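Here is a short briefing on a structure. Keep the sequence and the 3D view side by side as you read.

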Amino acid sequence: MVPMKLFGSLYSPFVGRCWLAATAKGGGVDLEMFPGGIKSDAYRALNPMGRMPLLVDGEVVLPESAVICEYLDAVLPGPPLMPSDAGSRARVRLLCRIADLYLFPASIALLVAPKAAPAEVIAAPLRETQDALNHLEHFLGEGPFAFGENITLADCTLYGGLALALMVLGRHGVTGRLDGRPKLGRWWGSIREDATLGPAIAQIREAAISYEKQRNL
Amino acid sequence: MKLYGSLASPFVARCWLAAAAKGSNVDLELYEDGIKSDSYLAMNPMGKMPLLVDGDVALPESTVICEYLDETLPGPALMPSDPGGKAKVRLLTHIADLYLSGPSSQLSRAAPDDDAEQIAAAVAAADAGFTYLEHFIGGNGRAYGDSLTLADCTLQPSVNFAVLVLAKHGAKDKLDGHPKLSRWWKGCVENPSLKDAIGQIDEAVLAFRKRRAEEAAKKAATEAK
């Protein structure tokens, strides 16, 4: 079997999420930077959104991390990362969706806001990031995983979302970021120690730290 | 099953179309105490419509609801059977959600005389969303493949909403110049499984827009006094 190629860099939480999914499946994906970069014509011909990641599996060319993750789960050997019943699957998708629609956009708005941005500019994304964390707390399982007794795509998705949210909230002086969110707190404590995901998470953290240093964030 | 929300919302409408494509009925209702009530927020803290209630399962978020409806209702499958096909269908919905819905909502809220720069940016973003859809949508009058999929159901209300709000801000018909999208639109609104449901949605959207215009006129008249 020719390994699939995942184009992107692990400092992106969207690439990291696919990397965690591939890791949870037991591997089978090569991670590479796209030759020419993600704004090149060749990349845009495959992914007009011009964002990372991009998965290439033979004839299948897929942008968008949420879509890639479900694809990896369906085609790679290894344990299923989605529950077998429709209601539980919906819960896992819901957690991923809350990250995609609420947590990431708000956290990224905080990330790109200048450090000296006036309070009224950051007030809305700050509040939206906190709201998104509350929504996640509402729907998160009792642990140790995001939903149910096994790793699902929700764990793979939420790691990068929470890491980013906690980082940007910290930058804006928010303390006690997981206070009043016991389920999120428990999950955050255990997921990084997980035997399967832990080493890949450490790899992602290293990539994020060196990126932040390089960009002086 | 109960689907809470109004068909004037493109997110409720896509669930309605998914149910129609399955040949099934879900009960559509407005949540009695409103979507900002404590009892609604206890089920859906995001405080948005729709919300699907199926026995013990209470599900917010239209995209999640659509896949759930496809998996639990009888009727034709709305997802292809191969992982690559499934991914392509999800990708189209995802593009609408991440690149088209945001600028559409922004344009819907904005008055034509609001900050011109912000409006221009939202119009450009919606334009980009259409370009992405054109890139990935099928060329034969279906969003993907040869039969109806969830992508047809999710895209129709989102594209309709985007076209309407762009028109409000003076942009020309955005389907022009996007031949695959134009062919898809025609195939979609003429589809016998969707036609009636689309008619119901169009009526709800018209009624909503009329009510909004009347409210705005009343407000303007009060302010003039």
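In what order do the four strands of the open sheet in chain A lie? The order is β2-β1-β3-β4, and the pairing is mixed. Bear in mind that this is a predicted model.

**The sheet in chain A**
- Strands β2 (29-32) and β4 (60-63) of chain A stand at the edges.
- Each of these two has a single partner strand, so one side of each has no neighbour in the sheet.
- On average, neighbouring strands are turned by 20° against each other, with direction ignored.
- Strand β1 (residues 4-7) of chain A runs parallel to β2(A), and four bridges join the two.
- Look for A:M4, which stands opposite A:V29 in β2(A).

**Two helices in chain B**
- Helix α1 (residues 10-22) and helix α3 (residues 62-72) of chain B have axes that come within 9 Å.
- Their axes cross at roughly 10°, and α1(B) and α3(B) are therefore roughly parallel to each other.
- From α1(B), the residues in this contact are B:F11, B:R14, B:C15, B:A18, B:A19 and B:K22.
- They meet B:S62, B:I65, B:C66, B:L69 and B:D70 in α3(B).
- Seven residues of this contact are nonpolar, one is polar and three are charged.

**Where the chains meet**
- Chain B puts 23 residues in contact with 21 residues of chain A.
- On the side of chain B that touches chain A, β4 (57-60), α3, α4 (83-109) and α5 (116-136) of chain B each give two or more residues.
- The most come from α4(B), with eight residues.
- By class, this side of chain B has 11 nonpolar, six polar and six charged residues.

Note on methods. Residues are numbered from 1 along each chain as its sequence is written. Chains are lettered from A and ligands numbered from 1 in the order in which they are written. This is a predicted model: local features need pLDDT of at least 70, side-chain atom pairs count only at pLDDT 80 or more; totals for chains, interfaces and linings use all residues. Axes are lines fitted to C-alpha atoms, for helices over the stretch in contact, and angles run from 0 to 180 degrees between N-to-C directions. Angles under 35 degrees count as roughly parallel, over 145 as roughly antiparallel, 65 to 115 as roughly perpendicular and the rest as oblique. Two residues are in contact if their C-beta atoms, placed from the backbone, lie within 7 Å. Ala, Val, Leu, Ile, Met, Phe, Trp, Tyr, Cys and Pro count as nonpolar, Asp, Glu, Lys and Arg as charged, and the others, Gly among them, as polar. Two strands pair if DSSP finds at least two bridges between them.
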